[in-house]
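User: I am new to this structure and would like to learn how to read its features one at a time. Could we begin with a pair of helices and then turn to the ligand?

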Amino acid sequence: MRAPPSCEEVSSNLSWDVAQQELGYRPGDPINIGWMCSDRICQLGLANKLALLWEDYQGTKKQFTYDNVRIFSNTFAEFLTDLGIQPGERVCLFLDRVPELYIGFLGILKTGAVAQPLFSAFGDESLLVRLADAGTCAILTQKKHLYKIRKIRNALPNLRHVIVVDADSASLQEHETPFAMERAPQVEHFPAYPTMAESPSVLHYTSGTTGQPKGAQHVHYSIIAQYLTAKWVLDLRPDDIYWCNADPGWVTGTSYGIIGPWSNGITQVVLDSGFNAEKWYEFIEQYGVTVWYSAPTAIRLLMKEGSEVVRKHDLSSLRHLASVGEPLNPEAVLWSQEVFGRPFHDTFWQTETGCIVITNLPGMPIKPGSMGKPFPGITASVLDPKTYEPGNRAGASGLIALRPGWPSQIRGYWNNPKGFEAKFRNGWYLCGDRASIDRDGYFWFMGRDDDVINTGGHLVGPFEVESALLECPAVAESAAVAKPDPVNMEVVKAFVTLKRGFQPSDDLELDIMNHIRKRLSPLAMPQEIEFVNSLPKTRSGKIVRRILRCKEFNEPLGDLSTIMED
Ligand code: PRX
(Lines give C-alpha, C1' and ligand atoms only; values in the text may rest on other atoms or scores of the structure.)
Protein backbone atom coordinates (compact mmCIF):
# COMPACT_ATOMS: atom_id res chain seq x y z
CA MET A 1 0.00 0.00 0.00
CA ARG A 2 1.16 3.52 -0.88
CA ALA A 3 2.54 5.47 2.12
CA PRO A 4 0.76 8.73 2.93
CA PRO A 5 2.17 11.37 0.61
CA SER A 6 4.03 14.35 1.95
CA CYS A 7 2.66 17.58 0.66
CA GLU A 8 5.98 18.42 -0.97
CA GLU A 9 6.00 15.04 -2.74
CA VAL A 10 2.54 15.68 -4.10
CA SER A 11 3.29 19.19 -5.24
CA SER A 12 6.58 18.46 -6.95
CA ASN A 13 5.46 15.31 -8.77
CA LEU A 14 2.11 16.41 -10.03
CA SER A 15 1.26 17.64 -13.47
CA TRP A 16 -1.48 17.04 -15.96
CA ASP A 17 1.11 15.14 -18.05
CA VAL A 18 1.51 12.65 -15.23
CA ALA A 19 -2.25 12.10 -15.25
CA GLN A 20 -2.21 11.59 -19.02
CA GLN A 21 0.51 8.98 -18.69
CA GLU A 22 -1.20 7.18 -15.82
CA LEU A 23 -4.45 7.06 -17.79
CA GLY A 24 -2.61 5.82 -20.90
CA TYR A 25 -3.77 8.82 -22.90
CA ARG A 26 -1.63 10.25 -25.70
CA PRO A 27 -2.62 13.69 -27.01
CA GLY A 28 -4.42 13.29 -30.32
CA ASP A 29 -5.86 9.87 -29.45
CA PRO A 30 -9.58 9.37 -28.76
CA ILE A 31 -10.54 9.68 -25.10
CA ASN A 32 -13.91 8.55 -23.75
CA ILE A 33 -14.82 8.92 -20.08
CA GLY A 34 -17.34 6.03 -20.26
CA TRP A 35 -14.67 3.66 -21.51
CA MET A 36 -11.95 5.01 -19.19
CA CYS A 37 -14.09 4.41 -16.10
CA SER A 38 -15.12 0.84 -16.94
CA ASP A 39 -13.41 -1.05 -19.82
CA ARG A 40 -10.00 0.39 -19.01
CA ILE A 41 -10.26 -0.62 -15.36
CA CYS A 42 -11.21 -4.17 -16.41
CA GLN A 43 -8.23 -4.28 -18.77
CA LEU A 44 -6.01 -3.39 -15.81
CA GLY A 45 -7.07 -6.70 -14.25
CA LEU A 46 -9.71 -5.25 -11.92
CA ALA A 47 -12.80 -6.69 -13.66
CA ASN A 48 -13.89 -8.53 -10.52
CA LYS A 49 -13.18 -5.67 -8.14
CA LEU A 50 -16.29 -4.05 -6.68
CA ALA A 51 -17.04 -0.70 -8.28
CA LEU A 52 -20.31 0.13 -6.52
CA LEU A 53 -21.95 -0.97 -3.29
CA TRP A 54 -25.39 0.53 -3.23
CA GLU A 55 -28.12 0.78 -0.60
CA ASP A 56 -31.42 2.65 -0.52
CA TYR A 57 -33.58 4.04 2.29
CA GLN A 58 -35.47 0.75 2.61
CA GLY A 59 -32.26 -1.21 3.09
CA THR A 60 -32.31 -2.80 -0.39
CA LYS A 61 -28.72 -3.58 -1.35
CA LYS A 62 -26.99 -4.18 -4.66
CA GLN A 63 -23.40 -4.53 -5.73
CA PHE A 64 -21.63 -4.20 -9.06
CA THR A 65 -18.11 -5.19 -10.09
CA TYR A 66 -16.20 -3.18 -12.66
CA ASP A 67 -17.11 -5.89 -15.18
CA ASN A 68 -20.81 -5.44 -14.32
CA VAL A 69 -20.42 -1.69 -14.79
CA ARG A 70 -18.70 -2.26 -18.12
CA ILE A 71 -21.41 -4.63 -19.40
CA PHE A 72 -24.39 -2.66 -18.08
CA SER A 73 -23.03 0.62 -19.47
CA ASN A 74 -22.55 -1.18 -22.82
CA THR A 75 -26.16 -2.33 -22.56
CA PHE A 76 -27.33 1.24 -21.97
CA ALA A 77 -25.14 2.50 -24.82
CA GLU A 78 -26.49 -0.03 -27.30
CA PHE A 79 -30.07 0.65 -26.29
CA LEU A 80 -29.60 4.41 -26.77
CA THR A 81 -27.84 3.90 -30.10
CA ASP A 82 -30.69 1.64 -31.31
CA LEU A 83 -33.13 4.43 -30.43
CA GLY A 84 -31.22 6.62 -32.89
CA ILE A 85 -29.45 8.88 -30.39
CA GLN A 86 -26.53 10.57 -32.09
CA PRO A 87 -23.15 11.66 -30.74
CA GLY A 88 -23.36 15.20 -29.40
CA GLU A 89 -27.09 14.98 -28.60
CA ARG A 90 -28.10 15.67 -24.99
CA VAL A 91 -29.48 12.84 -22.88
CA CYS A 92 -30.80 13.80 -19.46
CA LEU A 93 -30.52 11.66 -16.33
CA PHE A 94 -33.48 12.50 -14.08
CA LEU A 95 -33.10 9.79 -11.48
CA ASP A 96 -32.71 9.34 -7.75
CA ARG A 97 -29.35 7.94 -6.72
CA VAL A 98 -30.14 4.50 -8.16
CA PRO A 99 -27.44 2.37 -9.85
CA GLU A 100 -28.91 3.25 -13.28
CA LEU A 101 -27.89 6.87 -12.67
CA TYR A 102 -24.21 6.05 -12.21
CA ILE A 103 -23.99 3.34 -14.86
CA GLY A 104 -26.33 5.09 -17.33
CA PHE A 105 -24.04 8.14 -17.12
CA LEU A 106 -21.16 6.05 -18.48
CA GLY A 107 -23.48 4.44 -21.06
CA ILE A 108 -24.49 7.83 -22.46
CA LEU A 109 -20.84 8.91 -22.71
CA LYS A 110 -19.93 5.66 -24.49
CA THR A 111 -22.35 6.57 -27.30
CA GLY A 112 -20.70 9.98 -27.73
CA ALA A 113 -23.86 11.72 -26.53
CA VAL A 114 -23.73 14.39 -23.82
CA ALA A 115 -24.89 13.45 -20.32
CA GLN A 116 -27.14 16.07 -18.70
CA PRO A 117 -27.72 15.09 -15.05
CA LEU A 118 -30.55 16.91 -13.28
CA PHE A 119 -31.45 16.76 -9.59
CA SER A 120 -34.50 14.49 -9.29
CA ALA A 121 -36.17 16.80 -6.73
CA PHE A 122 -36.53 19.48 -9.41
CA GLY A 123 -40.12 20.48 -10.17
CA ASP A 124 -41.57 20.76 -13.66
CA GLU A 125 -40.51 24.38 -14.23
CA SER A 126 -36.87 23.80 -13.26
CA LEU A 127 -36.86 20.76 -15.51
CA LEU A 128 -38.53 22.53 -18.42
CA VAL A 129 -36.10 25.45 -18.46
CA ARG A 130 -33.06 23.16 -18.51
CA LEU A 131 -34.39 20.63 -21.05
CA ALA A 132 -35.59 23.36 -23.39
CA ASP A 133 -32.28 25.23 -23.25
CA ALA A 134 -30.26 22.07 -23.94
CA GLY A 135 -32.63 20.82 -26.68
CA THR A 136 -32.47 17.48 -24.88
CA CYS A 137 -33.48 14.52 -27.08
CA ALA A 138 -33.98 11.81 -24.43
CA ILE A 139 -34.50 11.58 -20.70
CA LEU A 140 -33.88 8.63 -18.41
CA THR A 141 -36.17 8.60 -15.42
CA GLN A 142 -38.17 6.59 -12.88
CA LYS A 143 -41.92 6.00 -12.71
CA LYS A 144 -42.23 8.30 -9.70
CA HIS A 145 -40.91 11.32 -11.63
CA LEU A 146 -42.91 10.74 -14.83
CA TYR A 147 -45.76 13.04 -13.84
CA LYS A 148 -43.43 16.04 -13.98
CA ILE A 149 -42.22 15.14 -17.46
CA ARG A 150 -45.74 14.47 -18.73
CA LYS A 151 -46.75 17.99 -17.67
CA ILE A 152 -44.12 19.66 -19.84
CA ARG A 153 -43.62 17.21 -22.67
CA ASN A 154 -45.65 19.20 -25.20
CA ALA A 155 -43.44 22.21 -24.66
CA LEU A 156 -40.32 20.20 -25.56
CA PRO A 157 -40.33 19.49 -29.32
CA ASN A 158 -36.78 18.04 -29.26
CA LEU A 159 -37.58 15.45 -26.60
CA ARG A 160 -38.01 12.24 -28.65
CA HIS A 161 -37.67 9.62 -25.93
CA VAL A 162 -38.72 9.24 -22.33
CA ILE A 163 -36.98 6.12 -21.02
CA VAL A 164 -38.27 4.66 -17.76
CA VAL A 165 -35.85 2.39 -15.88
CA ASP A 166 -38.35 0.78 -13.49
CA ALA A 167 -41.63 0.37 -15.40
CA ASP A 168 -43.13 -2.08 -17.85
CA SER A 169 -44.90 -0.91 -20.98
CA ALA A 170 -48.37 -1.49 -19.50
CA SER A 171 -48.07 1.56 -17.24
CA LEU A 172 -46.54 3.83 -19.86
CA GLN A 173 -47.98 6.21 -22.42
CA GLU A 174 -47.15 6.64 -26.07
CA HIS A 175 -43.48 7.62 -26.68
CA GLU A 176 -42.44 6.37 -23.25
CA THR A 177 -40.06 3.40 -23.39
CA PRO A 178 -39.27 0.94 -20.61
CA PHE A 179 -35.64 -0.10 -20.14
CA ALA A 180 -34.61 -2.42 -17.30
CA MET A 181 -30.82 -2.32 -17.12
CA GLU A 182 -30.47 -5.61 -15.26
CA ARG A 183 -33.08 -7.53 -17.28
CA ALA A 184 -32.16 -6.35 -20.78
CA PRO A 185 -30.01 -8.72 -22.87
CA GLN A 186 -26.45 -7.99 -21.78
CA VAL A 187 -24.07 -6.42 -24.27
CA GLU A 188 -20.58 -7.84 -23.90
CA HIS A 189 -18.98 -5.61 -26.54
CA PHE A 190 -19.83 -2.04 -27.39
CA PRO A 191 -17.28 0.02 -29.29
CA ALA A 192 -17.18 3.27 -27.35
CA TYR A 193 -17.58 6.25 -29.67
CA PRO A 194 -14.12 7.71 -30.37
CA THR A 195 -14.72 11.07 -28.70
CA MET A 196 -11.70 13.35 -28.70
CA ALA A 197 -10.27 15.51 -25.91
CA GLU A 198 -12.48 18.48 -26.80
CA SER A 199 -15.69 16.49 -27.51
CA PRO A 200 -18.53 17.55 -25.18
CA SER A 201 -19.18 15.12 -22.34
CA VAL A 202 -21.32 16.51 -19.52
CA LEU A 203 -23.72 19.45 -19.36
CA HIS A 204 -24.38 20.66 -15.80
CA TYR A 205 -26.79 23.52 -15.19
CA THR A 206 -25.72 26.10 -12.65
CA SER A 207 -27.35 29.29 -11.42
CA GLY A 208 -26.10 32.81 -11.94
CA THR A 209 -27.39 36.19 -10.79
CA THR A 210 -29.14 37.14 -13.96
CA GLY A 211 -31.26 35.11 -16.32
CA GLN A 212 -32.05 31.44 -16.28
CA PRO A 213 -29.49 28.80 -15.25
CA LYS A 214 -26.53 28.28 -17.53
CA GLY A 215 -25.44 24.95 -19.02
CA ALA A 216 -21.79 24.46 -18.11
CA GLN A 217 -20.29 22.45 -20.92
CA HIS A 218 -17.53 19.98 -20.06
CA VAL A 219 -15.39 17.86 -22.38
CA HIS A 220 -13.97 14.33 -22.24
CA TYR A 221 -10.47 15.68 -21.49
CA SER A 222 -11.80 16.79 -18.07
CA ILE A 223 -11.08 13.29 -16.78
CA ILE A 224 -7.37 14.17 -16.67
CA ALA A 225 -8.01 16.68 -13.89
CA GLN A 226 -10.76 14.71 -12.14
CA TYR A 227 -8.57 11.59 -12.01
CA LEU A 228 -5.55 13.42 -10.61
CA THR A 229 -7.35 15.54 -8.05
CA ALA A 230 -9.43 12.57 -6.84
CA LYS A 231 -6.25 10.56 -6.38
CA TRP A 232 -4.27 13.19 -4.51
CA VAL A 233 -6.76 15.51 -2.82
CA LEU A 234 -9.10 12.73 -1.76
CA ASP A 235 -6.04 10.55 -1.16
CA LEU A 236 -7.58 7.54 -2.92
CA ARG A 237 -5.68 4.28 -2.58
CA PRO A 238 -6.43 0.87 -4.09
CA ASP A 239 -8.09 -0.66 -1.01
CA ASP A 240 -10.26 2.32 -0.19
CA ILE A 241 -14.00 2.29 0.32
CA TYR A 242 -15.00 5.74 -0.78
CA TRP A 243 -18.23 7.60 0.01
CA CYS A 244 -19.24 10.83 -1.67
CA ASN A 245 -22.53 12.20 -0.29
CA ALA A 246 -23.28 14.37 -3.28
CA ASP A 247 -26.06 13.72 -5.77
CA PRO A 248 -24.85 13.50 -9.41
CA GLY A 249 -27.52 16.10 -10.24
CA TRP A 250 -24.76 18.47 -9.05
CA VAL A 251 -21.17 18.57 -10.21
CA THR A 252 -19.63 17.05 -7.07
CA GLY A 253 -21.70 13.93 -7.68
CA THR A 254 -20.31 13.45 -11.20
CA SER A 255 -16.71 14.70 -10.93
CA TYR A 256 -16.12 12.95 -7.58
CA GLY A 257 -19.13 10.62 -7.35
CA ILE A 258 -18.48 8.88 -10.68
CA ILE A 259 -15.49 10.00 -12.79
CA GLY A 260 -12.88 10.59 -10.05
CA PRO A 261 -13.28 7.34 -8.12
CA TRP A 262 -14.00 5.08 -11.11
CA SER A 263 -11.13 6.40 -13.24
CA ASN A 264 -8.95 5.45 -10.24
CA GLY A 265 -10.49 1.95 -10.03
CA ILE A 266 -11.80 2.60 -6.51
CA THR A 267 -14.73 0.87 -4.78
CA GLN A 268 -17.39 3.37 -3.90
CA VAL A 269 -20.53 3.18 -1.77
CA VAL A 270 -23.79 5.03 -2.42
CA LEU A 271 -26.63 5.58 0.03
CA ASP A 272 -29.80 6.62 -1.76
CA SER A 273 -31.47 8.20 1.23
CA GLY A 274 -31.76 11.57 2.93
CA PHE A 275 -29.87 12.83 5.96
CA ASN A 276 -30.05 10.75 9.13
CA ALA A 277 -27.07 10.86 11.47
CA GLU A 278 -27.65 7.40 12.98
CA LYS A 279 -28.08 5.83 9.53
CA TRP A 280 -24.99 7.58 8.15
CA TYR A 281 -22.75 6.36 10.97
CA GLU A 282 -24.18 2.85 10.61
CA PHE A 283 -23.43 3.02 6.89
CA ILE A 284 -19.81 4.07 7.46
CA GLU A 285 -19.35 1.32 10.02
CA GLN A 286 -21.08 -1.38 8.00
CA TYR A 287 -19.16 -0.77 4.78
CA GLY A 288 -15.89 0.26 6.44
CA VAL A 289 -15.78 3.62 4.64
CA THR A 290 -12.21 4.92 4.55
CA VAL A 291 -12.53 8.17 2.57
CA TRP A 292 -15.52 10.44 2.96
CA TYR A 293 -16.27 13.48 0.80
CA SER A 294 -19.07 15.54 2.33
CA ALA A 295 -20.33 19.10 2.74
CA PRO A 296 -20.43 21.71 5.54
CA THR A 297 -24.23 21.61 5.89
CA ALA A 298 -24.14 17.85 6.42
CA ILE A 299 -21.31 18.26 8.94
CA ARG A 300 -23.26 20.95 10.82
CA LEU A 301 -26.29 18.64 10.90
CA LEU A 302 -24.10 15.88 12.34
CA MET A 303 -22.70 18.31 14.92
CA LYS A 304 -26.24 19.17 15.97
CA GLU A 305 -26.90 15.50 16.70
CA GLY A 306 -23.98 15.57 19.11
CA SER A 307 -20.95 13.42 19.81
CA GLU A 308 -22.73 10.69 21.80
CA VAL A 309 -24.22 9.11 18.69
CA VAL A 310 -20.76 9.02 17.08
CA ARG A 311 -19.39 7.07 20.03
CA LYS A 312 -22.02 4.36 19.59
CA HIS A 313 -20.31 3.36 16.33
CA ASP A 314 -16.93 2.04 15.36
CA LEU A 315 -15.81 4.57 12.77
CA SER A 316 -12.12 3.69 12.97
CA SER A 317 -12.11 2.77 9.26
CA LEU A 318 -12.21 6.48 8.35
CA ARG A 319 -8.81 7.66 7.15
CA HIS A 320 -9.45 10.85 5.19
CA LEU A 321 -12.27 13.41 5.28
CA ALA A 322 -12.94 16.22 2.83
CA SER A 323 -15.64 18.81 2.30
CA VAL A 324 -16.93 21.11 -0.44
CA GLY A 325 -19.68 23.49 -1.39
CA GLU A 326 -19.72 26.22 1.23
CA PRO A 327 -17.34 27.74 3.73
CA LEU A 328 -16.24 25.06 6.17
CA ASN A 329 -16.41 26.74 9.55
CA PRO A 330 -13.43 26.22 11.89
CA GLU A 331 -15.72 24.65 14.55
CA ALA A 332 -16.58 21.88 12.08
CA VAL A 333 -12.90 21.12 11.48
CA LEU A 334 -12.17 21.04 15.21
CA TRP A 335 -15.26 18.95 15.95
CA SER A 336 -14.37 16.34 13.35
CA GLN A 337 -10.83 16.17 14.71
CA GLU A 338 -12.30 15.54 18.15
CA VAL A 339 -14.95 12.95 17.27
CA PHE A 340 -13.47 11.20 14.22
CA GLY A 341 -9.84 11.78 15.14
CA ARG A 342 -9.34 13.50 11.75
CA PRO A 343 -10.11 16.96 10.46
CA PHE A 344 -12.30 17.63 7.43
CA HIS A 345 -10.11 19.01 4.63
CA ASP A 346 -11.78 21.88 2.84
CA THR A 347 -11.82 21.91 -0.97
CA PHE A 348 -12.98 24.80 -3.13
CA TRP A 349 -14.22 24.54 -6.70
CA GLN A 350 -17.26 25.05 -8.93
CA THR A 351 -19.40 23.54 -11.66
CA GLU A 352 -17.33 25.62 -14.07
CA THR A 353 -13.93 24.40 -12.82
CA GLY A 354 -14.95 20.73 -13.06
CA CYS A 355 -12.29 19.78 -10.51
CA ILE A 356 -10.99 20.88 -7.12
CA VAL A 357 -8.85 23.99 -7.59
CA ILE A 358 -8.02 25.23 -4.08
CA THR A 359 -7.55 22.72 -1.32
CA ASN A 360 -5.94 21.37 1.78
CA LEU A 361 -3.89 18.48 0.44
CA PRO A 362 -3.46 15.53 2.78
CA GLY A 363 -0.38 16.12 4.86
CA MET A 364 -0.60 19.89 4.61
CA PRO A 365 -1.06 21.71 7.94
CA ILE A 366 -4.70 22.76 8.09
CA LYS A 367 -5.61 26.26 9.19
CA PRO A 368 -9.22 25.81 10.30
CA GLY A 369 -11.42 28.19 8.30
CA SER A 370 -9.07 28.36 5.32
CA MET A 371 -9.74 26.66 1.97
CA GLY A 372 -6.04 25.83 1.58
CA LYS A 373 -3.84 26.49 -1.43
CA PRO A 374 -4.14 26.08 -5.20
CA PHE A 375 -3.80 22.49 -6.43
CA PRO A 376 -0.46 22.01 -8.24
CA GLY A 377 -1.13 22.93 -11.88
CA ILE A 378 -3.69 25.57 -10.95
CA THR A 379 -2.66 29.23 -10.80
CA ALA A 380 -5.00 31.14 -8.52
CA SER A 381 -4.99 34.67 -7.21
CA VAL A 382 -7.24 37.40 -5.87
CA LEU A 383 -7.82 40.38 -8.14
CA ASP A 384 -8.54 43.98 -7.35
CA PRO A 385 -12.23 44.39 -8.29
CA LYS A 386 -11.52 47.65 -10.12
CA THR A 387 -8.27 46.96 -11.99
CA TYR A 388 -8.46 43.16 -12.17
CA GLU A 389 -4.78 43.08 -11.23
CA PRO A 390 -3.63 40.35 -8.85
CA GLY A 391 -2.91 41.42 -5.28
CA ASN A 392 0.48 40.04 -4.39
CA ARG A 393 1.07 41.26 -0.88
CA ALA A 394 0.23 39.08 2.13
CA GLY A 395 -3.29 39.72 3.29
CA ALA A 396 -4.46 40.86 -0.16
CA SER A 397 -8.13 40.30 -0.77
CA GLY A 398 -10.30 40.47 -3.85
CA LEU A 399 -11.98 38.36 -6.53
CA ILE A 400 -10.91 34.73 -6.72
CA ALA A 401 -9.43 34.23 -10.17
CA LEU A 402 -7.78 31.35 -12.00
CA ARG A 403 -5.48 31.31 -15.01
CA PRO A 404 -7.46 29.53 -17.74
CA GLY A 405 -6.32 26.29 -19.31
CA TRP A 406 -6.65 23.42 -16.80
CA PRO A 407 -8.15 20.24 -18.30
CA SER A 408 -11.60 20.28 -16.70
CA GLN A 409 -12.40 23.95 -17.16
CA ILE A 410 -15.76 24.31 -18.93
CA ARG A 411 -15.46 25.18 -22.59
CA GLY A 412 -18.53 27.39 -22.63
CA TYR A 413 -22.09 27.91 -21.44
CA TRP A 414 -24.60 26.20 -23.69
CA ASN A 415 -26.22 28.73 -26.07
CA ASN A 416 -24.69 31.55 -24.07
CA PRO A 417 -21.31 32.75 -25.40
CA LYS A 418 -21.79 36.22 -23.88
CA GLY A 419 -22.34 34.80 -20.40
CA PHE A 420 -19.13 32.79 -20.80
CA GLU A 421 -17.09 35.75 -22.04
CA ALA A 422 -18.24 37.76 -19.04
CA LYS A 423 -16.40 35.31 -16.77
CA PHE A 424 -12.98 36.45 -18.03
CA ARG A 425 -11.03 39.63 -17.30
CA ASN A 426 -7.45 40.57 -17.95
CA GLY A 427 -6.50 36.98 -18.83
CA TRP A 428 -8.10 35.51 -15.71
CA TYR A 429 -11.22 33.38 -15.17
CA LEU A 430 -13.35 34.92 -12.38
CA CYS A 431 -15.04 32.47 -10.02
CA GLY A 432 -17.56 35.03 -8.76
CA ASP A 433 -16.27 34.71 -5.17
CA ARG A 434 -14.09 36.85 -2.93
CA ALA A 435 -11.21 35.71 -0.74
CA SER A 436 -8.02 36.86 0.92
CA ILE A 437 -4.61 35.20 0.79
CA ASP A 438 -2.37 35.06 3.88
CA ARG A 439 1.40 35.20 3.99
CA ASP A 440 1.66 31.39 3.72
CA GLY A 441 -0.40 31.41 0.52
CA TYR A 442 -3.58 30.02 2.15
CA PHE A 443 -6.90 31.25 0.72
CA TRP A 444 -9.66 32.44 3.08
CA PHE A 445 -13.17 32.58 1.63
CA MET A 446 -14.98 35.89 2.18
CA GLY A 447 -18.23 35.53 0.25
CA ARG A 448 -19.81 35.47 -3.17
CA ASP A 449 -19.40 38.44 -5.42
CA ASP A 450 -22.95 38.24 -6.76
CA ASP A 451 -26.56 37.67 -5.66
CA VAL A 452 -26.55 33.88 -6.04
CA ILE A 453 -27.86 32.13 -2.92
CA ASN A 454 -25.85 29.18 -1.57
CA THR A 455 -28.22 27.03 0.46
CA GLY A 456 -26.71 23.89 1.92
CA GLY A 457 -24.05 23.93 -0.80
CA HIS A 458 -26.56 24.29 -3.63
CA LEU A 459 -26.67 27.43 -5.70
CA VAL A 460 -30.09 28.98 -6.26
CA GLY A 461 -30.47 31.73 -8.85
CA PRO A 462 -32.60 34.64 -7.59
CA PHE A 463 -33.96 35.27 -11.09
CA GLU A 464 -35.40 31.75 -11.30
CA VAL A 465 -37.17 32.17 -7.95
CA GLU A 466 -38.44 35.64 -8.86
CA SER A 467 -39.82 34.43 -12.20
CA ALA A 468 -41.69 31.63 -10.43
CA LEU A 469 -42.97 34.08 -7.78
CA LEU A 470 -44.45 36.25 -10.51
CA GLU A 471 -46.57 33.29 -11.64
CA CYS A 472 -48.55 33.58 -8.38
CA PRO A 473 -51.73 35.61 -9.06
CA ALA A 474 -51.21 37.79 -5.97
CA VAL A 475 -47.59 38.80 -6.63
CA ALA A 476 -46.84 42.11 -8.33
CA GLU A 477 -43.05 42.34 -7.83
CA SER A 478 -40.49 40.22 -6.07
CA ALA A 479 -36.87 39.98 -5.00
CA ALA A 480 -35.21 36.79 -3.78
CA VAL A 481 -32.15 37.13 -1.57
CA ALA A 482 -30.05 35.08 0.83
CA LYS A 483 -30.86 35.09 4.52
CA PRO A 484 -28.37 33.68 7.06
CA ASP A 485 -29.14 30.25 8.47
CA PRO A 486 -27.29 28.35 11.19
CA VAL A 487 -27.35 25.00 9.37
CA ASN A 488 -27.72 25.70 5.63
CA MET A 489 -25.51 28.80 5.81
CA GLU A 490 -28.07 30.61 3.67
CA VAL A 491 -31.72 30.07 2.79
CA VAL A 492 -33.93 31.86 0.28
CA LYS A 493 -35.97 34.80 1.52
CA ALA A 494 -38.46 36.52 -0.78
CA PHE A 495 -39.65 40.10 -0.62
CA VAL A 496 -42.96 40.53 -2.36
CA THR A 497 -45.30 43.39 -3.24
CA LEU A 498 -48.92 42.39 -3.82
CA LYS A 499 -51.31 43.31 -6.59
CA ARG A 500 -54.26 45.53 -5.76
CA GLY A 501 -56.99 43.55 -4.02
CA PHE A 502 -54.63 41.07 -2.26
CA GLN A 503 -53.80 41.23 1.44
CA PRO A 504 -50.79 39.69 3.22
CA SER A 505 -51.72 36.60 5.25
CA ASP A 506 -50.17 33.39 6.58
CA ASP A 507 -52.22 31.38 4.09
CA LEU A 508 -50.96 33.44 1.18
CA GLU A 509 -47.39 33.00 2.40
CA LEU A 510 -47.86 29.22 2.52
CA ASP A 511 -49.46 29.16 -0.93
CA ILE A 512 -46.55 31.05 -2.43
CA MET A 513 -43.97 28.83 -0.71
CA ASN A 514 -45.69 25.69 -1.95
CA HIS A 515 -45.87 27.03 -5.45
CA ILE A 516 -42.08 27.52 -5.53
CA ARG A 517 -41.41 24.13 -3.95
CA LYS A 518 -43.45 22.35 -6.61
CA ARG A 519 -42.37 24.40 -9.62
CA LEU A 520 -38.67 24.65 -8.76
CA SER A 521 -37.51 22.49 -5.86
CA PRO A 522 -37.56 22.28 -2.06
CA LEU A 523 -34.14 24.00 -2.03
CA ALA A 524 -35.40 27.04 -3.92
CA MET A 525 -38.48 27.42 -1.71
CA PRO A 526 -38.28 30.66 0.30
CA GLN A 527 -38.13 29.93 4.03
CA GLU A 528 -39.66 33.34 4.65
CA ILE A 529 -41.76 35.74 2.64
CA GLU A 530 -41.85 39.36 3.65
CA PHE A 531 -44.73 41.39 2.22
CA VAL A 532 -43.57 44.94 1.53
CA ASN A 533 -45.10 48.06 -0.02
CA SER A 534 -42.18 48.67 -2.35
CA LEU A 535 -38.77 47.27 -3.30
CA PRO A 536 -35.50 49.26 -3.50
CA LYS A 537 -34.85 50.22 -7.13
CA THR A 538 -32.27 52.10 -9.18
CA ARG A 539 -33.42 55.26 -10.90
CA SER A 540 -33.83 53.21 -14.06
CA GLY A 541 -36.26 50.93 -12.20
CA LYS A 542 -34.06 47.85 -11.62
CA ILE A 543 -34.69 46.08 -8.31
CA VAL A 544 -31.56 46.18 -6.09
CA ARG A 545 -31.32 42.93 -4.18
CA ARG A 546 -28.03 43.98 -2.57
CA ILE A 547 -29.77 46.31 -0.13
CA LEU A 548 -32.24 43.67 1.01
CA ARG A 549 -29.46 41.14 1.40
CA CYS A 550 -27.26 43.54 3.40
CA LYS A 551 -30.16 44.15 5.78
CA GLU A 552 -30.60 40.41 6.32
CA PHE A 553 -26.89 40.05 7.11
CA ASN A 554 -26.68 43.29 9.12
CA GLU A 555 -24.00 44.57 6.77
CA PRO A 556 -23.40 48.22 5.83
CA LEU A 557 -25.54 49.27 2.87
CA GLY A 558 -22.71 50.96 0.96
CA ASP A 559 -23.30 53.48 -1.82
CA LEU A 560 -26.99 54.36 -2.08
CA SER A 561 -26.61 57.29 -4.50
CA THR A 562 -28.24 55.44 -7.41
CA ILE A 563 -31.17 54.15 -5.38
CA MET A 564 -34.60 55.72 -5.76
CA GLU A 565 -36.39 56.86 -2.62
CA ASP A 566 -39.92 55.67 -2.01
O1 PRX B 1 -19.41 30.21 -3.91
C2 PRX B 1 -18.55 29.10 -3.98
C3 PRX B 1 -19.16 27.92 -3.24
O4 PRX B 1 -19.93 27.21 -4.19
C5 PRX B 1 -19.77 27.81 -5.49
C6 PRX B 1 -19.78 26.77 -6.56
O7 PRX B 1 -21.02 26.12 -6.56
P8 PRX B 1 -21.30 24.98 -7.60
O9 PRX B 1 -20.92 25.43 -8.96
O10 PRX B 1 -22.70 24.54 -7.39
O11 PRX B 1 -20.31 23.82 -7.21
C12 PRX B 1 -20.41 23.30 -5.90
C13 PRX B 1 -19.44 22.20 -5.64
C14 PRX B 1 -18.20 22.15 -6.39
C15 PRX B 1 -18.48 28.57 -5.40
O16 PRX B 1 -18.39 29.56 -6.39
N17 PRX B 1 -18.12 27.03 -2.71
C18 PRX B 1 -17.68 25.86 -3.19
N19 PRX B 1 -16.73 25.33 -2.40
C20 PRX B 1 -16.55 26.21 -1.39
C21 PRX B 1 -17.42 27.30 -1.60
N22 PRX B 1 -17.46 28.35 -0.76
C23 PRX B 1 -16.63 28.34 0.29
N24 PRX B 1 -15.76 27.33 0.56
C25 PRX B 1 -15.68 26.24 -0.26
N26 PRX B 1 -14.86 25.25 0.03
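User: Are α16 and α17 parallel or oblique to each other?

Analyst: Please keep in mind that this is a predicted model. The general idea is to compare the directions of the two axes, where angles of 65 to 115 degrees count as roughly perpendicular, those over 145 as roughly antiparallel, those under 35 as roughly parallel, and the rest as oblique. Here the axes of α16 (residues 462-470) and α17 (residues 506-519) come within 10 Å and cross at roughly 125°, and the two helices are therefore oblique to each other. The crossing of α16 and α17 is also right-handed.

User: What lies 2.6 Å from an oxygen atom of the ligand?

Analyst: For such contacts one reads the distance between a pair of N or O atoms, with 3.5 Å as the cut-off. A polar side-chain atom of Thr351 lies 2.6 Å from an oxygen atom of the ligand, while an N or O atom in the side chain of Asp346 is 2.8 Å from a ligand nitrogen atom. Glu326 takes part through its backbone, with an N or O atom 3.2 Å from a nitrogen atom of the ligand. Taken alone, the ligand exposes 540 Å², and the protein buries 97% of that.

Key: Residues are numbered from 1 along each chain as its sequence is written. This is a predicted model: local features need pLDDT of at least 70, side-chain atom pairs count only at pLDDT 80 or more; totals for chains, interfaces and linings use all residues. Side-chain values use heavy atoms; hydrogens and water are left out. A polar contact is a pair of N or O atoms within 3.5 Å; within protein, one must be able to donate a hydrogen and the other to accept it, and residues adjacent in sequence count only if both atoms are side-chain atoms. Accessible areas come from the Shrake-Rupley method with a 1.4 Å probe; for residues, only the protein chains shown count as cover. Axes are lines fitted to C-alpha atoms, for helices over the stretch in contact, and angles run from 0 to 180 degrees between N-to-C directions. Helices (H or I, at least four residues) and strands (E, at least two) are DSSP runs, numbered from the N terminus. A crossing is left-handed if the near helix is turned anticlockwise from the far one by less than a right angle, and right-handed if clockwise.
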